[in-house]
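Visitor: I have this structure open and a few things to ask about it. Can we go through them one at a time?
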Amino acid sequence: MLRGTAHLFRHLTATLLACVTLLAAAEPLPPTVRLALEQAKVPIDAVSIWVQPVGSDRPALAVNAAQPMNPASVMKLVTAFAAFERLGPARTWSTRIASHGRVNGGVLDGDLYIVGGADPVLGYDRLWKMLRRVRALGIRSVKGDIVLDASALSLPPHDPAAFDGRGLRPYNSGPDGLLLNWNTLQLALTPATRASEAVSVATEPPLAGLVIDNRLVTSDGPCVVWYRDLDARLEPGPRLVLAGSLPASCGPRDWSAAPLPPADFGTALVAGLWQEIGGTLNGKVRAGSTPSEAETRLTEESPPLAEIVRDMNKWSSNVIARQLLATLGAAPAADGRAAGDMVARGARIAADTLDTAGIDTRGLVIENGSGLSRIARASAASLGQLLQAAWRRPWMPEYIAALPVAGVDGTARKRLAGSPANGQAHIKTGTLNGVRAMAGYVLDAGGERHVVVMMVNHPEAANSAAAQDALLEWVWARGLRPSP
(Lines give C-alpha, C1' and ligand atoms only; values in the text may rest on other atoms or scores of the structure.)
Protein backbone atom coordinates (compact mmCIF):
# COMPACT_ATOMS: atom_id res chain seq x y z
CA MET A 1 0.00 0.00 0.00
CA LEU A 2 2.77 2.44 0.98
CA ARG A 3 4.78 1.55 -2.12
CA GLY A 4 1.73 2.19 -4.33
CA THR A 5 1.06 5.50 -2.59
CA ALA A 6 4.69 6.58 -3.08
CA HIS A 7 4.50 5.63 -6.77
CA LEU A 8 1.28 7.64 -7.20
CA PHE A 9 2.85 10.62 -5.42
CA ARG A 10 5.89 10.54 -7.71
CA HIS A 11 3.61 10.29 -10.76
CA LEU A 12 1.59 13.29 -9.64
CA THR A 13 4.81 15.20 -8.90
CA ALA A 14 6.12 14.44 -12.37
CA THR A 15 2.85 15.55 -13.96
CA LEU A 16 2.82 18.75 -11.94
CA LEU A 17 6.45 19.42 -12.85
CA ALA A 18 5.63 19.07 -16.56
CA CYS A 19 2.75 21.51 -16.22
CA VAL A 20 4.81 23.99 -14.24
CA THR A 21 7.60 23.80 -16.82
CA LEU A 22 5.15 24.59 -19.61
CA LEU A 23 3.78 27.53 -17.66
CA ALA A 24 7.24 28.84 -16.89
CA ALA A 25 8.19 28.66 -20.54
CA ALA A 26 5.99 31.73 -21.02
CA GLU A 27 8.94 33.73 -19.60
CA PRO A 28 11.25 34.00 -22.63
CA LEU A 29 14.92 33.16 -22.47
CA PRO A 30 16.64 36.42 -21.54
CA PRO A 31 18.07 38.08 -24.68
CA THR A 32 21.52 38.45 -23.13
CA VAL A 33 21.63 34.72 -22.38
CA ARG A 34 20.38 33.81 -25.85
CA LEU A 35 22.96 36.07 -27.51
CA ALA A 36 25.81 34.65 -25.40
CA LEU A 37 24.76 31.10 -26.31
CA GLU A 38 24.65 32.02 -30.00
CA GLN A 39 28.14 33.51 -29.76
CA ALA A 40 29.32 30.31 -28.03
CA LYS A 41 27.68 28.26 -30.82
CA VAL A 42 25.63 26.33 -28.28
CA PRO A 43 22.06 25.43 -29.36
CA ILE A 44 19.18 25.84 -26.91
CA ASP A 45 18.46 22.10 -26.88
CA ALA A 46 21.90 21.57 -25.28
CA VAL A 47 20.99 23.87 -22.38
CA SER A 48 18.92 23.25 -19.26
CA ILE A 49 17.83 26.12 -17.00
CA TRP A 50 15.78 26.52 -13.82
CA VAL A 51 15.23 29.83 -12.00
CA GLN A 52 12.86 30.11 -9.04
CA PRO A 53 12.43 32.57 -6.15
CA VAL A 54 13.05 30.72 -2.90
CA GLY A 55 9.77 29.80 -1.28
CA SER A 56 7.85 30.16 -4.53
CA ASP A 57 5.75 27.23 -5.79
CA ARG A 58 6.77 27.61 -9.44
CA PRO A 59 9.84 28.59 -11.44
CA ALA A 60 10.19 31.97 -13.11
CA LEU A 61 12.14 30.38 -15.96
CA ALA A 62 12.47 26.76 -17.04
CA VAL A 63 14.20 25.61 -20.22
CA ASN A 64 14.57 21.89 -20.94
CA ALA A 65 14.35 21.58 -17.15
CA ALA A 66 13.24 17.94 -17.01
CA GLN A 67 16.02 16.73 -19.31
CA PRO A 68 18.74 14.81 -17.40
CA MET A 69 22.20 16.21 -18.11
CA ASN A 70 25.73 15.66 -16.90
CA PRO A 71 26.12 18.15 -14.02
CA ALA A 72 29.90 17.70 -13.56
CA SER A 73 30.93 18.94 -10.09
CA VAL A 74 27.47 20.42 -9.44
CA MET A 75 26.73 16.82 -8.37
CA LYS A 76 28.47 17.73 -5.11
CA LEU A 77 25.29 19.63 -4.18
CA VAL A 78 23.50 16.27 -4.11
CA THR A 79 26.23 14.69 -1.99
CA ALA A 80 26.23 17.62 0.43
CA PHE A 81 22.41 17.58 0.74
CA ALA A 82 22.35 13.84 1.50
CA ALA A 83 25.26 14.14 3.96
CA PHE A 84 23.65 17.02 5.88
CA GLU A 85 20.26 15.29 5.88
CA ARG A 86 21.58 11.87 7.00
CA LEU A 87 24.57 12.77 9.17
CA GLY A 88 23.87 16.30 10.40
CA PRO A 89 26.21 19.30 10.20
CA ALA A 90 27.93 18.46 13.51
CA ARG A 91 28.95 14.92 12.51
CA THR A 92 32.66 14.15 13.07
CA TRP A 93 34.97 11.25 12.26
CA SER A 94 37.36 9.59 14.71
CA THR A 95 40.85 8.24 14.08
CA ARG A 96 42.53 6.38 16.90
CA ILE A 97 45.96 5.03 17.74
CA ALA A 98 46.17 1.76 19.66
CA SER A 99 48.92 -0.58 20.77
CA HIS A 100 49.33 -4.27 21.49
CA GLY A 101 52.16 -5.15 23.82
CA ARG A 102 53.90 -3.77 26.88
CA VAL A 103 55.87 -0.53 27.00
CA ASN A 104 59.18 -0.74 28.81
CA GLY A 105 61.74 2.06 28.85
CA GLY A 106 60.09 3.85 25.94
CA VAL A 107 59.99 0.70 23.79
CA LEU A 108 56.69 -0.84 22.70
CA ASP A 109 57.22 -4.60 22.65
CA GLY A 110 54.59 -5.16 19.98
CA ASP A 111 52.69 -3.32 17.26
CA LEU A 112 51.28 0.19 17.03
CA TYR A 113 47.98 0.63 15.17
CA ILE A 114 46.56 3.67 13.40
CA VAL A 115 42.88 2.90 12.98
CA GLY A 116 41.06 4.93 10.35
CA GLY A 117 37.51 6.13 10.76
CA ALA A 118 37.10 7.40 7.17
CA ASP A 119 37.98 10.99 8.16
CA PRO A 120 37.76 12.95 4.86
CA VAL A 121 40.25 15.64 5.90
CA LEU A 122 43.01 13.99 7.95
CA GLY A 123 45.92 16.12 6.81
CA TYR A 124 49.53 15.34 7.60
CA ASP A 125 49.65 18.19 10.13
CA ARG A 126 47.01 16.50 12.31
CA LEU A 127 48.66 13.10 11.81
CA TRP A 128 52.00 14.60 12.85
CA LYS A 129 50.43 15.89 16.08
CA MET A 130 48.94 12.46 16.76
CA LEU A 131 52.34 10.80 16.42
CA ARG A 132 53.90 13.49 18.60
CA ARG A 133 51.34 12.63 21.28
CA VAL A 134 52.36 8.98 21.00
CA ARG A 135 55.91 10.05 21.81
CA ALA A 136 54.60 12.13 24.73
CA LEU A 137 52.82 9.02 26.05
CA GLY A 138 56.22 7.36 26.42
CA ILE A 139 56.55 5.37 23.17
CA ARG A 140 59.70 6.37 21.30
CA SER A 141 60.45 3.02 19.69
CA VAL A 142 58.22 0.31 18.24
CA LYS A 143 59.71 -3.17 18.34
CA GLY A 144 57.04 -4.58 16.03
CA ASP A 145 55.22 -2.89 13.14
CA ILE A 146 53.13 0.22 12.70
CA VAL A 147 49.89 -1.13 11.24
CA LEU A 148 47.51 1.03 9.22
CA ASP A 149 43.91 -0.16 9.50
CA ALA A 150 41.64 1.14 6.70
CA SER A 151 38.84 -1.36 7.27
CA ALA A 152 36.31 1.38 8.12
CA LEU A 153 35.25 1.42 4.46
CA SER A 154 34.54 -1.52 2.18
CA LEU A 155 35.34 -0.21 -1.28
CA PRO A 156 35.36 -1.47 -4.85
CA PRO A 157 38.64 -1.42 -6.81
CA HIS A 158 39.57 2.08 -7.89
CA ASP A 159 41.59 2.89 -11.01
CA PRO A 160 42.70 6.55 -10.81
CA ALA A 161 43.56 6.55 -14.51
CA ALA A 162 40.15 5.28 -15.64
CA PHE A 163 38.50 8.69 -16.11
CA ASP A 164 41.03 10.56 -18.23
CA GLY A 165 44.27 8.57 -18.15
CA ARG A 166 45.88 10.98 -15.66
CA GLY A 167 46.21 8.68 -12.70
CA LEU A 168 48.70 10.87 -10.82
CA ARG A 169 46.39 13.87 -10.62
CA PRO A 170 44.89 14.31 -7.13
CA TYR A 171 41.39 14.91 -8.48
CA ASN A 172 41.35 11.28 -9.60
CA SER A 173 42.14 9.83 -6.15
CA GLY A 174 39.62 7.47 -4.60
CA PRO A 175 38.25 7.14 -1.05
CA ASP A 176 39.91 5.14 1.70
CA GLY A 177 39.12 4.07 5.25
CA LEU A 178 42.36 5.77 6.36
CA LEU A 179 42.63 8.63 3.88
CA LEU A 180 45.76 10.63 4.70
CA ASN A 181 46.43 14.13 3.39
CA TRP A 182 43.89 13.63 0.60
CA ASN A 183 46.43 11.21 -0.91
CA THR A 184 48.24 14.31 -2.18
CA LEU A 185 51.88 15.37 -2.35
CA GLN A 186 52.29 19.15 -2.50
CA LEU A 187 55.01 20.46 -4.82
CA ALA A 188 56.22 24.03 -4.31
CA LEU A 189 57.85 25.12 -7.59
CA THR A 190 60.17 28.12 -7.88
CA PRO A 191 61.52 28.95 -11.35
CA ALA A 192 64.99 30.40 -11.80
CA THR A 193 65.54 33.92 -13.08
CA ARG A 194 66.97 32.72 -16.40
CA ALA A 195 65.72 30.26 -18.99
CA SER A 196 67.09 26.69 -19.09
CA GLU A 197 68.05 26.76 -15.42
CA ALA A 198 66.47 24.26 -13.02
CA VAL A 199 63.17 24.87 -11.25
CA SER A 200 63.56 24.23 -7.53
CA VAL A 201 61.06 21.84 -5.96
CA ALA A 202 60.11 21.56 -2.29
CA THR A 203 57.82 18.67 -1.39
CA GLU A 204 55.55 18.05 1.56
CA PRO A 205 54.65 15.92 3.37
CA PRO A 206 57.64 13.56 3.69
CA LEU A 207 57.04 10.24 1.92
CA ALA A 208 59.61 7.66 2.97
CA GLY A 209 61.05 5.69 0.05
CA LEU A 210 59.73 7.96 -2.70
CA VAL A 211 62.51 9.47 -4.80
CA ILE A 212 61.82 12.83 -6.46
CA ASP A 213 63.57 13.06 -9.85
CA ASN A 214 63.35 16.76 -10.71
CA ARG A 215 63.89 17.49 -14.42
CA LEU A 216 61.91 20.74 -14.51
CA VAL A 217 63.54 23.71 -16.25
CA THR A 218 62.75 27.41 -16.40
CA SER A 219 61.43 28.87 -19.64
CA ASP A 220 61.18 32.46 -20.90
CA GLY A 221 57.61 32.28 -22.18
CA PRO A 222 54.61 34.25 -20.92
CA CYS A 223 52.74 33.01 -17.86
CA VAL A 224 49.39 32.02 -19.34
CA VAL A 225 48.36 28.45 -18.41
CA TRP A 226 51.38 27.98 -16.19
CA TYR A 227 50.94 24.23 -15.62
CA ARG A 228 50.40 23.41 -19.30
CA ASP A 229 53.96 22.10 -19.86
CA LEU A 230 54.34 20.27 -16.53
CA ASP A 231 54.29 16.49 -16.38
CA ALA A 232 54.66 13.89 -13.63
CA ARG A 233 55.08 10.15 -14.03
CA LEU A 234 55.88 7.30 -11.67
CA GLU A 235 58.72 4.91 -12.41
CA PRO A 236 59.84 1.82 -10.49
CA GLY A 237 61.58 2.55 -7.24
CA PRO A 238 59.18 4.27 -6.67
CA ARG A 239 60.54 7.34 -8.45
CA LEU A 240 58.40 10.38 -9.21
CA VAL A 241 59.76 12.03 -12.34
CA LEU A 242 58.88 15.70 -12.78
CA ALA A 243 59.45 16.97 -16.31
CA GLY A 244 58.60 20.00 -18.42
CA SER A 245 59.03 23.72 -18.00
CA LEU A 246 57.72 26.65 -15.95
CA PRO A 247 58.01 30.26 -17.19
CA ALA A 248 60.17 32.50 -15.03
CA SER A 249 57.48 35.16 -15.32
CA CYS A 250 55.09 32.96 -13.32
CA GLY A 251 57.11 33.14 -10.14
CA PRO A 252 56.56 30.52 -7.40
CA ARG A 253 53.66 28.16 -7.98
CA ASP A 254 52.03 25.33 -6.05
CA TRP A 255 51.46 22.08 -7.90
CA SER A 256 50.45 18.65 -6.61
CA ALA A 257 50.49 14.96 -7.44
CA ALA A 258 49.00 11.71 -6.18
CA PRO A 259 52.02 9.49 -6.77
CA LEU A 260 50.89 6.39 -4.87
CA PRO A 261 47.70 4.43 -4.15
CA PRO A 262 46.16 5.35 -0.75
CA ALA A 263 47.57 2.31 1.10
CA ASP A 264 51.10 2.92 -0.22
CA PHE A 265 50.82 6.66 0.32
CA GLY A 266 49.78 6.03 3.92
CA THR A 267 52.68 3.72 4.69
CA ALA A 268 55.16 6.14 3.12
CA LEU A 269 53.70 9.12 4.99
CA VAL A 270 53.56 7.45 8.41
CA ALA A 271 57.10 6.11 8.01
CA GLY A 272 58.33 9.56 7.01
CA LEU A 273 56.61 11.37 9.88
CA TRP A 274 57.59 8.80 12.52
CA GLN A 275 61.21 9.15 11.49
CA GLU A 276 60.94 12.95 11.33
CA ILE A 277 59.81 13.20 14.97
CA GLY A 278 62.61 10.94 16.13
CA GLY A 279 60.73 7.67 16.50
CA THR A 280 62.43 4.37 15.71
CA LEU A 281 60.89 1.22 14.27
CA ASN A 282 62.30 -2.31 14.25
CA GLY A 283 59.62 -3.65 11.94
CA LYS A 284 57.88 -1.84 9.10
CA VAL A 285 54.82 0.26 8.34
CA ARG A 286 52.19 -1.94 6.71
CA ALA A 287 48.49 -2.30 6.11
CA GLY A 288 46.56 -4.64 8.40
CA SER A 289 43.74 -5.06 10.87
CA THR A 290 43.55 -4.21 14.56
CA PRO A 291 43.08 -7.02 17.12
CA SER A 292 40.21 -6.56 19.55
CA GLU A 293 42.59 -6.66 22.51
CA ALA A 294 44.60 -3.66 21.29
CA GLU A 295 44.60 -0.78 23.81
CA THR A 296 43.45 2.61 22.56
CA ARG A 297 46.09 5.23 23.33
CA LEU A 298 44.50 8.35 21.83
CA THR A 299 41.69 9.52 19.57
CA GLU A 300 41.62 12.39 17.09
CA GLU A 301 38.32 13.99 16.02
CA SER A 302 37.82 15.56 12.62
CA PRO A 303 36.27 18.99 12.08
CA PRO A 304 32.45 18.84 11.82
CA LEU A 305 30.72 17.96 8.57
CA ALA A 306 29.75 21.61 7.99
CA GLU A 307 33.43 22.59 7.72
CA ILE A 308 34.24 19.56 5.60
CA VAL A 309 31.45 20.35 3.11
CA ARG A 310 32.80 23.89 2.92
CA ASP A 311 36.24 22.52 1.99
CA MET A 312 34.60 20.22 -0.56
CA ASN A 313 32.44 22.80 -2.30
CA LYS A 314 34.58 25.94 -2.12
CA TRP A 315 37.40 24.17 -3.98
CA SER A 316 35.47 21.28 -5.52
CA SER A 317 37.38 18.44 -3.84
CA ASN A 318 36.53 15.19 -5.58
CA VAL A 319 38.19 12.99 -2.98
CA ILE A 320 36.17 14.54 -0.13
CA ALA A 321 32.97 14.00 -2.11
CA ARG A 322 33.89 10.37 -2.78
CA GLN A 323 34.69 9.92 0.91
CA LEU A 324 31.34 11.37 2.00
CA LEU A 325 29.38 9.17 -0.40
CA ALA A 326 31.18 6.07 0.90
CA THR A 327 30.44 7.22 4.47
CA LEU A 328 26.74 7.36 3.61
CA GLY A 329 27.02 3.74 2.49
CA ALA A 330 28.95 2.66 5.59
CA ALA A 331 25.96 2.45 7.93
CA PRO A 332 25.10 -1.14 8.90
CA ALA A 333 22.49 -2.83 6.75
CA ALA A 334 19.02 -3.61 8.08
CA ASP A 335 20.24 -7.02 9.29
CA GLY A 336 23.03 -5.35 11.29
CA ARG A 337 25.81 -6.51 8.98
CA ALA A 338 28.35 -4.15 7.47
CA ALA A 339 27.55 -2.93 3.99
CA GLY A 340 29.34 -4.41 0.97
CA ASP A 341 30.29 -1.90 -1.74
CA MET A 342 29.86 1.29 0.25
CA VAL A 343 30.17 3.56 -2.80
CA ALA A 344 27.26 1.92 -4.64
CA ARG A 345 25.24 1.75 -1.43
CA GLY A 346 26.01 5.37 -0.67
CA ALA A 347 24.72 6.37 -4.11
CA ARG A 348 21.46 4.51 -3.45
CA ILE A 349 21.09 6.11 -0.03
CA ALA A 350 21.74 9.59 -1.48
CA ALA A 351 19.06 9.06 -4.15
CA ASP A 352 16.62 7.72 -1.55
CA THR A 353 17.32 10.75 0.66
CA LEU A 354 16.33 13.11 -2.16
CA ASP A 355 13.27 11.02 -2.96
CA THR A 356 12.12 11.11 0.67
CA ALA A 357 12.56 14.89 0.66
CA GLY A 358 10.06 15.12 -2.21
CA ILE A 359 12.66 15.86 -4.87
CA ASP A 360 12.00 14.42 -8.31
CA THR A 361 14.82 11.90 -8.93
CA ARG A 362 13.81 10.73 -12.38
CA GLY A 363 16.93 10.45 -14.51
CA LEU A 364 19.25 10.96 -11.52
CA VAL A 365 22.46 8.91 -11.83
CA ILE A 366 25.06 9.12 -9.05
CA GLU A 367 28.32 7.31 -9.79
CA ASN A 368 30.76 8.54 -7.15
CA GLY A 369 29.28 11.70 -5.61
CA SER A 370 31.95 14.02 -7.02
CA GLY A 371 30.61 14.60 -10.53
CA LEU A 372 33.88 13.39 -12.07
CA SER A 373 31.92 11.03 -14.24
CA ARG A 374 30.68 10.51 -17.77
CA ILE A 375 27.50 8.75 -16.70
CA ALA A 376 26.33 11.04 -13.86
CA ARG A 377 23.03 12.75 -14.63
CA ALA A 378 20.62 15.18 -12.98
CA SER A 379 17.93 17.49 -14.30
CA ALA A 380 17.83 21.23 -13.70
CA ALA A 381 14.36 20.78 -12.19
CA SER A 382 15.65 18.20 -9.69
CA LEU A 383 18.57 20.41 -8.71
CA GLY A 384 16.21 23.38 -8.39
CA GLN A 385 13.92 21.38 -6.11
CA LEU A 386 16.95 20.26 -4.09
CA LEU A 387 18.07 23.85 -3.55
CA GLN A 388 14.54 24.81 -2.54
CA ALA A 389 14.44 21.91 -0.07
CA ALA A 390 17.85 22.88 1.34
CA TRP A 391 16.54 26.41 1.90
CA ARG A 392 13.88 25.00 4.23
CA ARG A 393 16.27 22.85 6.26
CA PRO A 394 17.70 23.84 9.66
CA TRP A 395 21.20 23.37 8.21
CA MET A 396 20.49 25.84 5.37
CA PRO A 397 23.07 28.45 6.57
CA GLU A 398 25.87 25.86 6.55
CA TYR A 399 24.79 24.55 3.15
CA ILE A 400 24.81 27.98 1.49
CA ALA A 401 27.97 29.18 3.24
CA ALA A 402 29.84 26.22 1.74
CA LEU A 403 29.19 27.48 -1.80
CA PRO A 404 31.72 29.68 -3.62
CA VAL A 405 30.74 33.35 -3.87
CA ALA A 406 30.88 34.49 -7.49
CA GLY A 407 33.65 37.04 -7.93
CA VAL A 408 34.93 36.55 -4.39
CA ASP A 409 36.27 33.10 -3.49
CA GLY A 410 36.64 29.42 -4.31
CA THR A 411 36.17 28.08 -7.81
CA ALA A 412 33.84 31.00 -8.68
CA ARG A 413 36.26 33.76 -7.68
CA LYS A 414 36.87 34.83 -11.30
CA ARG A 415 33.19 34.98 -12.28
CA LEU A 416 31.18 38.20 -12.74
CA ALA A 417 34.25 40.43 -12.80
CA GLY A 418 33.14 44.05 -13.05
CA SER A 419 29.49 43.06 -12.88
CA PRO A 420 26.98 44.69 -10.50
CA ALA A 421 26.02 41.13 -9.55
CA ASN A 422 29.56 40.46 -8.28
CA GLY A 423 29.39 38.96 -4.79
CA GLN A 424 25.63 38.36 -4.96
CA ALA A 425 25.64 34.69 -6.01
CA HIS A 426 26.55 31.57 -4.04
CA ILE A 427 27.11 29.01 -6.80
CA LYS A 428 28.67 25.60 -7.26
CA THR A 429 30.30 25.31 -10.65
CA GLY A 430 31.22 22.23 -12.66
CA THR A 431 33.37 21.71 -15.74
CA LEU A 432 34.28 18.69 -17.83
CA ASN A 433 35.06 18.31 -21.50
CA GLY A 434 31.71 19.05 -23.12
CA VAL A 435 30.09 20.11 -19.83
CA ARG A 436 29.75 23.44 -18.04
CA ALA A 437 27.27 23.77 -15.20
CA MET A 438 26.38 25.95 -12.24
CA ALA A 439 23.75 25.88 -9.52
CA GLY A 440 23.09 27.85 -6.37
CA TYR A 441 21.45 31.01 -5.06
CA VAL A 442 21.39 34.61 -6.27
CA LEU A 443 20.37 37.61 -4.19
CA ASP A 444 18.70 40.10 -6.54
CA ALA A 445 19.00 43.88 -6.38
CA GLY A 446 15.74 44.07 -4.44
CA GLY A 447 16.88 41.71 -1.69
CA GLU A 448 15.01 38.58 -2.85
CA ARG A 449 16.91 35.31 -3.20
CA HIS A 450 16.49 32.95 -6.14
CA VAL A 451 17.47 29.39 -6.94
CA VAL A 452 19.42 29.26 -10.21
CA VAL A 453 20.52 26.20 -12.20
CA MET A 454 22.08 26.12 -15.67
CA MET A 455 23.75 23.18 -17.38
CA VAL A 456 25.28 22.97 -20.84
CA ASN A 457 26.14 19.61 -22.41
CA HIS A 458 27.71 20.30 -25.81
CA PRO A 459 31.14 20.14 -27.48
CA GLU A 460 31.29 23.96 -27.20
CA ALA A 461 30.22 24.00 -23.55
CA ALA A 462 33.56 25.49 -22.47
CA ASN A 463 32.55 28.71 -24.24
CA SER A 464 29.27 29.10 -22.33
CA ALA A 465 30.60 30.81 -19.18
CA ALA A 466 29.47 34.20 -20.50
CA ALA A 467 25.94 32.85 -20.98
CA GLN A 468 25.87 31.58 -17.41
CA ASP A 469 27.12 34.91 -16.10
CA ALA A 470 24.43 36.63 -18.19
CA LEU A 471 21.80 34.46 -16.49
CA LEU A 472 23.14 35.39 -13.04
CA GLU A 473 23.04 39.09 -13.98
CA TRP A 474 19.50 38.73 -15.34
CA VAL A 475 18.35 37.18 -12.05
CA TRP A 476 20.11 39.88 -10.06
CA ALA A 477 18.47 42.60 -12.18
CA ARG A 478 14.98 41.22 -11.50
CA GLY A 479 15.15 43.14 -8.24
CA LEU A 480 15.34 46.39 -10.22
CA ARG A 481 11.96 45.80 -11.87
CA PRO A 482 9.01 47.79 -10.47
CA SER A 483 6.52 45.76 -8.46
CA PRO A 484 3.40 44.78 -10.41
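Visitor: Which residues is Arg 413 in contact with, leaving aside its neighbours within four places in sequence?
Guide: This is a predicted model. In it, Arg 413 is in contact with Trp 315, Val 405, Gly 407 and Val 408.

Visitor: Where does Arg 413 lie?
Guide: Arg 413 is in the loop between α10 (396-401) and β17 (425-432). Its relative accessible area is 39%, so Arg 413 is partly exposed.

Visitor: What lies 2.7 Å from a polar atom of the Arg 413 side chain?
Guide: The backbone oxygen of Gly 410.

Visitor: Switching topic. How many disulfides does the count come to?
Guide: The count is 1 disulfide. Cys 223 is joined to Cys 250, with an S to S distance of 2.1 Å.

Visitor: Right-handed or left-handed?
Guide: Right-handed, because the torsion about the S-S bond of Cys 223 and Cys 250 is about 110°.

Visitor: What does the pair tie together?
Guide: Parts that are 27 residues apart in sequence, because Cys 223 sits in the loop between β10 (217-219) and β11 (230-235), and Cys 250 in the loop between β12 (239-247) and β13 (253-257).

Visitor: And is Cys 250 buried or exposed?
Guide: Cys 250 is buried, at 9% relative accessibility. Cys 223 is partly exposed, at 29%.

Visitor: Now the helices. At what angle do α3 and α9 pack?
Guide: About 35°, with the axes of α3 (residues 76-87) and α9 (residues 380-391) 11 Å apart. The crossing of α3 and α9 is left-handed.

Visitor: Which residues make the contact?
Guide: From α3, Leu 77, Val 78 and Phe 81; from α9, Leu 383, Leu 386, Leu 387, Ala 389 and Ala 390. By class, the contact of α3 with α9 has 8 nonpolar residues, with no polar and no charged ones.

Note on methods. Residues are numbered from 1 along each chain as its sequence is written. This is a predicted model: local features need pLDDT of at least 70, side-chain atom pairs count only at pLDDT 80 or more; totals for chains, interfaces and linings use all residues. Side-chain values use heavy atoms; hydrogens and water are left out. Axes are lines fitted to C-alpha atoms, for helices over the stretch in contact, and angles run from 0 to 180 degrees between N-to-C directions. Helices (H or I, at least four residues) and strands (E, at least two) are DSSP runs, numbered from the N terminus. A crossing is left-handed if the near helix is turned anticlockwise from the far one by less than a right angle, and right-handed if clockwise. Contact means heavy atoms within 4.5 Å. Ala, Val, Leu, Ile, Met, Phe, Trp, Tyr, Cys and Pro count as nonpolar, Asp, Glu, Lys and Arg as charged, and the others, Gly among them, as polar. Buried means under 20% relative accessible area, exposed over 50%, partly exposed in between (1.4 Å probe, protein chains only). A polar contact is a pair of N or O atoms within 3.5 Å; within protein, one must be able to donate a hydrogen and the other to accept it, and residues adjacent in sequence count only if both atoms are side-chain atoms. A disulfide is a pair of cysteine sulfur atoms within 2.5 Å.
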